[in-house]
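We'll walk from the domains to the chain interface, and then to a few individual residues.

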There are 2 protein chains.
Amino acid sequence: MALVIPASNSSMRSDRNTYVGKRFVHVKNAYLDSMDEDILYHLDLGTKTHNLLAMFGDVKFVCVGGSPNRMKAFALFMHKELGLEEAEEDIKDICAGTDRYCMYKTGPVLTISHVMVIPSISIMLHELITLLHHARCYDVTIIRIGTSGGIGIAPGTVVITDIAVDSFFKPRFEQVILDNIVTRSTELDKELSEELFNCSKEIPNFPTLIGHTMCTYDFYEGQGRLDGALCSFSRDKKLDYLKRAYKAGVRNIEMESTVFTAMCGLCGLKAAVVCVTLLNRLDCDQINLPHDVLVEYQQRPQLLISNFIRRRLGLCD
Amino acid sequence: MALVIPASNSSMRSDRNTYVGKRFVHVKNAYLDSMDEDILYHLDLGTKTHNLLAMFGDVKFVCVGGSPNRMKAFALFMHKELGLEEAEEDIKDICAGTDRYCMYKTGPVLTISHVMVIPSISIMLHELITLLHHARCYDVTIIRIGTSGGIGIAPGTVVITDIAVDSFFKPRFEQVILDNIVTRSTELDKELSEELFNCSKEIPNFPTLIGHTMCTYDFYEGQGRLDGALCSFSRDKKLDYLKRAYKAGVRNIEMESTVFTAMCGLCGLKAAVVCVTLLNRLDCDQINLPHDVLVEYQQRPQLLISNFIRRRLGLCD
């Protein structure tokens, strides 16, 4: 069955960001709509070169993750799971003109790689949110699916984030704007997290929990690793830090969630973060899982999100 | 002519980091040498799975840049410029097992993509510096070649960085270590910058200058752009900020140089940053150059570094 969800009808628009019963993706930028042309440089898309409304108007789910290969695999998986008519080989990278990000569309699901780390996902989100705004998308749910380091939990556990915290265990994202620092909230949609958690219960042997996710600017010194080129702290100091994080409710560590939750929250996107843990940082620093185990772990968030989307679309039994 | 520079002779070693007359790449981590195995996860390399000394012992130049495609093009260009015997099709991505980074080796030149932004280049540098340490490399020069936004200078100008500054125009990199903030110096090697500037004079029609480079954590709000999904400041505030940056000596803006200079400085790597500017931020925010002009601009740092390496290796006329 081919899924076709019609793009929004612009004649229904009552004001710039709100429609009756519809939650539109909106930008918070008074300059944007006055621009003659908007080039989304890192996505290699633009308002004059592409019909963004026709291309993206029916998007209801956006799935973002770090690795380009993994996100392509997810797009192909979703295509199969949604039973779309289009041939698999027709699923092309929409951002093929650039090597910064990749993007695939399968029915109402848009899949994008955001590479690693806060500023990379931030660039992608600025251009993605602007794109969804130009395409008049509404009622969009966005989910980051990724990998992470666990704290005090078994590798392979899927963590659904209830709140993203920074390196100091604070639920905030500090954005530098010109030379000012602005603090933004990193809260997530509780209902969405619980809906995802309920979905996980339907999958056999699928260890899942809801917990805080710590988001750092650095993989080595910033996460207390002893195996980087620079390490100025002792093993005891590292363990003390990670245990304090655990006590504060942190169950996993990654490098994107604070800016992701802050930006999505400001722009009317219901957002969730679902990351599998690849190691328990109280035990080790290096990721040395056998290849097949690593691949299976990495597929867990994909499986959960596929189930969630199918349930939302009424495609589950 | 095939260039073969022998790897270092370990019998000459007097202590861990210093050799007579040789400046070794060193790590600042007391734990590293006691590890049974070191897996460089994001490079898909390791001390047990790869003979790093044999693979990398002769490296003298490391060139890093954001775009994987651009860095592959640079590796193929260097291969031709150095007149190496190896067939071009034999130049394979050494990190082909991962889609995080790509790496090519052409004679003594190692070329790596670091994707965009501070934390991405930081992960790569931790693993690259550890790799160079395991491979006992010495007298290594590392150069970041990239693209940037210019301030008050014509697009296409190549900026050789004399000092990298943060969003507050300070010559520092603030590294979060566990939950402490440590400030590191971002100074660069003056002689290397001047050598590069002298090289640029030999290339006709090659606008080049030495100036400060501002390194931000964000492409949109952090660099004063009016075209992102979020923008809370006026055009006047933006211009005031960019003009203050210019007055402080900043000539271009990118997202990697502070952590790059800080880490290379700490680990005994002579470093330089050479970026071409794609626009003048006092005039506009969007990069809308014709494709052929963009390509030609992006090649400028590559051309300069190729000339520099050939001169260093005595291959220039």
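What follows is a tour of this predicted model.

First, some housekeeping. Residues are numbered from 1 along each chain as its sequence is written, while chains are lettered from A and ligands numbered from 1 in the order in which they are written. Because this is a predicted model, local features need pLDDT of at least 70 and side-chain atom pairs count only at pLDDT 80 or more, whereas totals for chains, interfaces and linings use all residues; side-chain values use heavy atoms, with hydrogens and water left out.

Let's begin with chain A, where the domain assignment gives domain 1 (24-139) and domain 2 (147-316); such bounds come from an automatic or database domain assignment. Taken over C-alpha atoms, the centres of these two domains of chain A are 23 Å apart. Across the boundary, 27 residues of domain 1 of chain A are in contact with 27 residues of domain 2 of chain A, contact meaning heavy atoms within 4.5 Å. Together the two domains of chain A bury about 2,300 Å², with carbon and sulfur atoms giving 77% of that. Buried area here is the accessible area (1.4 Å probe) that two parts lose on being put together, summed over both. Phe61(A), Arg70(A) and Ile118(A) supply 29% of what domain 1 of chain A buries against domain 2 of chain A, more than any other three residues.

Five residue pairs, both at pLDDT 80 or more, are in polar contact between domain 1 and domain 2 of chain A. A polar contact is a pair of N or O atoms within 3.5 Å; within protein, one must be able to donate a hydrogen and the other to accept it, and residues adjacent in sequence count only if both atoms are side-chain atoms. On the side of domain 1 of chain A that touches domain 2 of chain A, strand S5 (61-65), helix H2 (68-81) and helix H3 (118-134) are the elements giving two or more residues, and H3(A) gives the most, with seven. Helices (H or I, at least four residues) and strands (E, at least two) are DSSP runs, numbered from the N terminus.

Now zoom out to the two chains. Their contact takes 72 residues from chain B and 73 residues from chain A. Chain B and chain A bury about 6,200 Å² between them, 60% of it on carbon and sulfur atoms. Four salt bridges cross this interface of chain B and chain A; Arg244(A) and Asp179(B), for instance, meet at 2.8 Å, N to O. The count between chain B and chain A is 28 residue pairs in polar contact, both at pLDDT 80 or more.

Over all chains, the salt-bridge count comes to 31. In chain A, the side chains of Lys105(A) and Asp58(A) form one at 2.9 Å, N to O. Lys105(A) sits in strand S6 (residues 103-106) and Asp58(A) in the loop between helix H1 (52-56) and S5 of chain A, so the pair ties together parts that are 47 residues apart in sequence. Lys105(A) and Asp58(A) are both buried, where buried means under 20% relative accessible area, exposed over 50%, and partly exposed in between (1.4 Å probe, protein chains only). In chain B, Arg310(B) forms a salt bridge with Glu81(B), the closest N and O atoms being 3.9 Å apart. That pair links helix H7 and helix H2 of chain B, 229 residues apart.

Finally, what does Thr213(B) touch? Thr213(B) lies in strand S13 (residues 208-215) of chain B and counts as buried because its relative accessibility is 0%. Leaving out residues up to four places away in sequence, its contacts include Val159(B), Asn252(B) and Ser257(B). A polar contact of 2.6 Å joins the side chains of Thr213(B) and Asn252(B). As for Ser257(B), it is one of the buried residues of H6(B). Eight of the ten residues of H6(B) are buried, so that helix is largely enclosed by the rest of the structure.
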